[in-house]
Amino acid sequence: MTTATQTDPTTLWRLIVQAGGTKAYIDGQLRERGFLVTRRDADQMSDREKDQYKKQLKIEAEERRKLKREAWVAFKANHIVHLGEGVFWTDESTPDKWDTPNSEERAAENELPALDTPDQLAAALGITIPQLRGMAFHRDAATSLHYARFTIPKRDGTERPIWAPKKRLKAAQRWILHHIVERFPVHGAAQGFLVGRSTLSNAAVHANPKILLKMDVKDFFPTVTWRRVKGVFRRAGYRDRIATLLALLCTEAPREVVQVEGKTYYVSLGPRCLPQGAPTSPAITNALCLRLDRRLAGLAAKLGWRYSRYADDMTFSLPATHKDKPRLGALLGCVRRVVEAEGFEVKDEKTRVHRTGGRQSVTGLVVNGEGRPRTPRKLRRELRAAIHNLKAGKPLKEGESLARLTGYAAYVYMTDPTLGKKWLGELLGAGGIP
């Protein structure tokens, strides 16, 4: 005989809450179904009565276990319960001493969606609580991931690992990006991954420099751990539970693929951090670097320099009109101290100083002299030759394609609309643009 309910977990949990808790619900169900046994003194029973009483208690115990299992399934369908190794979680909505003062007001000022419970977050993302828990859950040794791994070549010949989120997680990250992260305050010196800003706007900050200083942040994304990401969400106005879930959804541990007895494991090599490939990662770094950018911009201005940052590339330039001493050494030392104080590290081998007399470029665009930043002469010369050969009926060089040439022409158009439009038109005539 079975008494398993056909009620869906969400409705069942609502009934449990209405009953006053799991124990009250189970006792009520046992009573309603006739399984709840009235306790009596067995010493006053005959042997036959004792046997019957024991059978009734046994049946009640079996039914109670079934109801407990159903209640647990209902609880897990409506609560996070646990998020894995090293992650503190409580389903109790209790005040936290680390909550941002006036958090609701701060979230409202940033026009962030009101999210107070995991249920509200799951509903906003269009998923269930179990799906939310599954995407946020951390395992040091996982047999499957919500990311697909591939590599792209770097300029130094090494491979850069990219962890691209799979469909459901990517949709969740895009919702978080558009409805939350893009509304965080960002400093004006940040030029990457923002509407209206680009490599061109970044280069334009440093037009006609006397001295150009370029520095990189070492291991930029891996340095931004999930706890730092959680801090960003908390400062924005979200309480601990929501900030924890958002941070876990936007991060993943760097992992190594290991084969053990024919089974594949993805073993974490460190704490969860921003993955290169997640749509939320660049925007989160912009929000996280608000104070870094503010400090470096203030430092640069004090010494007569200009400053901008494109992702992990920090650029400083001394205008050609600057008459005082450059104080380059003071700038280098102070930048290093500020970067380290903000939890990052300068990549020494990528630090470069470019003076007048040689080519000065910022995010791929030449900034020497007067006028707008421009694409390198070599690129324009090669593109002009390729278009000429194409019009003459000659084959393209090995590894070249019409799509690639069109991309270069669009790149030129960004800095020189007249020339770029001319070349795009010529490529259109050659069938290079759909």
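Start by selecting strands E5 and E6 (residues 263–268): they pair in the antiparallel sense over 6 bridges. Strands (E, at least two residues) and helices (H or I, at least four) are DSSP runs, numbered from the N terminus, and two strands count as paired if DSSP finds at least two bridges between them. Before you go on, note that this is a predicted model, where local features need pLDDT of at least 70 and side-chain atom pairs count only at pLDDT 80 or more, while totals for chains, interfaces and linings use all residues. Residues are numbered from 1 along each chain as its sequence is written, and side-chain values use heavy atoms, with hydrogens and water left out.

Now click on Val 260, and you'll find it opposite Lys 263 in E6.

Next, pick E2 (residues 147–153) and E3 (residues 159–165), which run antiparallel and are joined by 7 bridges. Pro 153 faces Glu 159 in E3. The two strands form a hairpin with 5 residues between them, and Gly 157 in the turn has a positive phi of about 95°.

Go to Thr 280, in the loop between E6 and helix H12 (281–288). Is Thr 280 buried or exposed? Buried, with a relative accessible area of 0%; the cut-offs are under 20% for buried, over 50% for exposed and partly exposed in between (1.4 Å probe, protein chains only). Leaving aside neighbours within four places in sequence, Thr 280 is in contact (heavy atoms within 4.5 Å) with Gln 173, Ile 176, Leu 177 and Cys 250.

For a contrast, select Lys 23 in helix H2 (residues 22–33). Lys 23 counts as exposed, at 61% relative accessibility.

Last stop: helix H17 (residues 417–429). Its buried residues are Leu 419, Gly 420, Trp 423, Leu 424 and Leu 427. They sit on the same side of H17 because they cover an arc of only 130° around the axis, taken from the directions from the helix axis to the C-beta atoms. Show helix H15 (377–391) and helix H16 (402–415) too, as the buried residues of H17 pack against both. Then turn to the face away from the buried side, where you'll see the exposed Thr 418, Lys 421 and Gly 429.
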